[in-house]
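Hello,

Here is the structure I promised to pass on. Please open it and keep it beside you while you read my notes below.

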Amino acid sequence: MSYAGDISPEQAWQMLEQDPEAILVDVRTQAEWNYVGVPDISSLGKRTVFVEWVGFPTGGRNADFLNDLAAAGVKPGQPIAFLCRSGHRSIGSAQLATSAGLGPAYNVLDGFEGGLDENGHRGSTGWRALGLPWRQS
């Protein structure tokens with residue numbers, strides 16, 4: 001595997017709670033952060049790191065992703081939980097971080113709002129649906 005593995009949102013929360021070095025990186029777009037909401041880990045004395053994996057509205061990959069992580073204070077050896085909307089973009093993020101010597105890097109399954117349900121809607125799985133702390137920005 002090219003990254004440390006997949007973890008559930010609950011496992012990500014436990015890692016953030018138990019490991020003082022662990023960080024959460026939300027790789028969604030600025031538009032998603034603004035209109036959908038963001039994880040709130042402030043009760044753990046931590047802040048979520050926000051670095052876009054792809055830009056909005058073009059969908060082009062952020063060529064400065066690794067530089068943006070470094071600028072946000074991400075350092076080698078820190079456990080990193082990467083979170084996106086549904087757990088797909090965060091795989092690429094975890095893979096790239098791992099290849100750059102960061103991590104262990106994990107993909108958070110189902111992301112912030114999960115995949116599409118049988119009605120074509122999101123929100124029945126993921127960080128927010130599980131009742132983990134979040135806020136509207």
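Val38 sits in strand 3, which covers residues 38-39. Keep in mind that this is a predicted model. Is Val38 buried or exposed? Its relative accessible area is 2%, so Val38 counts as buried. Leaving aside neighbours within four places in sequence, Val38 is in contact with Arg28, Trp33, Phe50, Phe112, Trp134 and Arg135. Asp26 is twelve residues from Val38 in sequence, and their C-alpha atoms are 8.1 Å apart.

Next, look at Arg28. Arg28 is in the loop between strand 2 and helix 2 (30-36). Its relative accessibility is 0%, so Arg28 is buried. What does the side chain of Arg28 make a polar contact with? One partner is the side chain of Asp26, at 2.7 Å. A polar atom of the Arg28 side chain also lies 2.7 Å from the backbone oxygen of Gly37. Along the sequence they follow the pattern β-α-β-α-β-β-α-β-α-β-β. The C-alpha trace spans about 40 × 35 × 30 Å along its principal axes. A compact globule of 137 residues would have a radius of gyration near 14 Å, and the chain has 14 Å, so the two agree. Buried residues make up 47% of the 137 residues. Take the contacts with a separation of 6 or more: residues 24 or more positions apart account for 67% of them. The chain exposes about 6,600 Å², and carbon and sulfur atoms supply 50% of that.

On to the cores. The largest nonpolar core has 18 residues. Which residues have the most contacts inside it? They are Val25, Val27, Phe65, Leu69, Val74, Ile80 and Phe82. Strand 2, helix 3 (65-71), strand 5 and helix 4 (89-99) each supply at least two residues of this core. A second, separate core has 16 residues, including Ile41, Leu83, Tyr106 and Phe112.

Val27 deserves a click of its own. Leaving aside neighbours within four places in sequence, its contacts include Val51, Trp53, Phe65, Phe82, Arg89 and Ser93.

Helix 1 covers residues 9-18, and its buried residues are Pro9, Ala12, Trp13, Met15 and Leu16. They cover an arc of only 160° around the axis, which means they are on the same side of helix 1. An α-helix has 3.6 residues a turn, so residues three or four places apart point the same way. What do the buried residues of helix 1 pack against? They pack against strand 1 (5-7), strand 2 (23-26), strand 5 (80-83) and strand 6 (105-108).

In helix 4, the buried residues are Arg89, Ser90, Gly92, Ser93, Ala94 and Ala97. Their cover includes helix 2, helix 3, strand 5 and strand 6. Just after helix 4, Gly101 takes a positive phi of about 90°.

Best wishes

Methods. Residues numbered from 1 in each chain as written. Predicted model: local features only at pLDDT ≥ 70, side-chain atom pairs only at ≥ 80, totals over all residues. Heavy atoms only, no water. Buried < 20%, exposed > 50% of the residue type's maximum accessible area, 1.4 Å probe, protein only. Helix = DSSP H or I, 4+ residues; strand = E, 2+ residues; numbered from the N terminus. Arc of directions from axis to C-beta. Contact = heavy atoms within 4.5 Å. Core = buried A, V, L, I, M, F, W, Y, C linked by side-chain atoms within 4.5 Å. Rg over C-alpha atoms; globule rule 2.2 N^0.38 Å. Areas by Shrake-Rupley, 256 points an atom, 1.4 Å probe, with all protein chains shown as cover. Polar contact = N/O pair within 3.5 Å; in protein donor to acceptor, adjacent residues only side chain to side chain.
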